[in-house]
Amino acid sequence: MNLLLSHMDSWALDLQARNRAETTISRYRDTILLFSDWQAEHERRLAASAVRPSHVRDFLRHRQATTSPGTAAIDFRNLRAYFNWLVKEEELDHGENPMIKVGAPKVPEKDIPVLEADDIKALVKATAGRSFENRRDRAIILTLLDNGVRAGGLVGLRYAPHDDEANDVLLDRGQLRVILKGGRQTFIPIGPATAAAIDRYLRERAKHKLSHRKELWLSPKGRLTDSGVRQMLTRRAKAAGIAHVHPHLFRHTAAHLLKEAGLTEEELMAVCGWESAAMAKRYGRSAAAARARAAHRRVSPSDRFA
């Protein structure tokens, strides 16, 4: 067995016990496998205790050159999590942890695009009609736009009108109960337009052959998956003449629109389910320059004297 990977299965079990998402565990595993393969390519089949900071730095430089600084930064965080766990479990002495002497790769700031108003209108218009798919897709798009819910939280919504414990759709309260990353539960708000769109969808859903299922969003074969949402958005965007639309784009767009409407970072955290103010700052930066230009037009100093 590759000595670097000898505790991977135990780590995965610990992550599952801490309710980490399977996608998160998979990403951790991918990074450790990549690092192990990198070591093997350089004729270094090492135990974790033999990994040196220079080995990690070489690997991260390789990842920066062949992928991107952002990907290398994710690899850094994943490696750090694994080695820290080895120390916590006393499989590695603190002084043998190579990550304590390795700095995180710098990721250049870049402008994050958001959907323009005309694009949003075109996307919503593309869902016009009374069919099941149109009602469903319109409700999904408005929900994503309203609060920037993650795709995983969106597809995890349950609908059980006669079971309060299993029902996440609270239209009378203008809320959805969402399970966030790590298993934390929160209630996110929806506006009247989104509530009405979900209500219209529910009336069509009642006629669906799989209406007995607990998942809110249905497809012809069962529940609508994360991948299904992405495919739907790609299809609707093509019909609307818009390129490159994906669920996370709505997360940035929602934060931008809410900031534009005057929400504070604290309020943004509550709406989007963030525990960290840093997340509100990060997403709130989307289209900050555009908001600044719009604000300047309202208070342009020269307008007072021209």
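**Exercise 1. Determine how β2 and β3 are joined, and in which sense they run.**

Solution. The model examined here is a predicted one. Between β2 and β3 there are five bridges, and the two strands run antiparallel.

**Exercise 2. Classify the packing of α2 against α3 as roughly parallel or roughly perpendicular.**

Solution. Begin with the geometry: helix α2 (residues 22-41) packs against helix α3 (residues 53-66) at an angle of about 105°, and their axes are 11 Å apart. Angles of 65 to 115 degrees count as roughly perpendicular, and therefore α2 is roughly perpendicular to α3. Next, identify the residues that meet. From α2 these are Thr31, Leu34, Phe35, Trp38 and Gln39, and from α3 they are His55, Val56, Asp58, Phe59, His62 and Arg63. Sorted by class, this contact has five nonpolar, four polar and two charged residues.

**Exercise 3. Carry out the analysis for α6 and α9, stating which residues make the contact.**

Solution. The angle between α6 and α9 is about 100°, with the axes 11 Å apart. This makes α6 roughly perpendicular to α9. On the α6 side, the contact is made by Glu133, Asn134, Arg136, Asp137, Ile140, Ile141 and Leu144; on the α9 side, by Val229, Met232, Leu233, Arg235 and Arg236. By class, six of these residues are nonpolar, one is polar and five are charged.

**Exercise 4. Find which residues touch the most other members of the largest nonpolar core.**

Solution. The core has 40 residues, and Trp217 and Phe250 touch the most other members. Then trace the elements that each supply at least two residues: α5 (117-125), α6 (132-147), α7 (151-155), β2 (175-179), α8 (192-205), α9 (226-240) and α10 (247-260). The largest share, seven residues, comes from α6. Now consider Phe250 individually. Neighbours within four places in sequence aside, Phe250 is in contact with Leu115, Leu123, Ile141, Leu144, Leu145, Gly148, Leu233 and Val245. Finally, another core lies apart from the largest one; it has 25 residues, among them Leu15, Val56, Met99 and Val102. As general background, nonpolar side chains tend to be buried together in soluble globular proteins.

How values were computed:
Residues are numbered from 1 along each chain as its sequence is written. This is a predicted model: local features need pLDDT of at least 70, side-chain atom pairs count only at pLDDT 80 or more; totals for chains, interfaces and linings use all residues. Side-chain values use heavy atoms; hydrogens and water are left out. A nonpolar core is a set of buried Ala, Val, Leu, Ile, Met, Phe, Trp, Tyr and Cys residues joined through side-chain atoms within 4.5 Å. Buried means under 20% relative accessible area, exposed over 50%, partly exposed in between (1.4 Å probe, protein chains only). Helices (H or I, at least four residues) and strands (E, at least two) are DSSP runs, numbered from the N terminus. Contact means heavy atoms within 4.5 Å. Axes are lines fitted to C-alpha atoms, for helices over the stretch in contact, and angles run from 0 to 180 degrees between N-to-C directions. Angles under 35 degrees count as roughly parallel, over 145 as roughly antiparallel, 65 to 115 as roughly perpendicular and the rest as oblique. Ala, Val, Leu, Ile, Met, Phe, Trp, Tyr, Cys and Pro count as nonpolar, Asp, Glu, Lys and Arg as charged, and the others, Gly among them, as polar. Two strands pair if DSSP finds at least two bridges between them.
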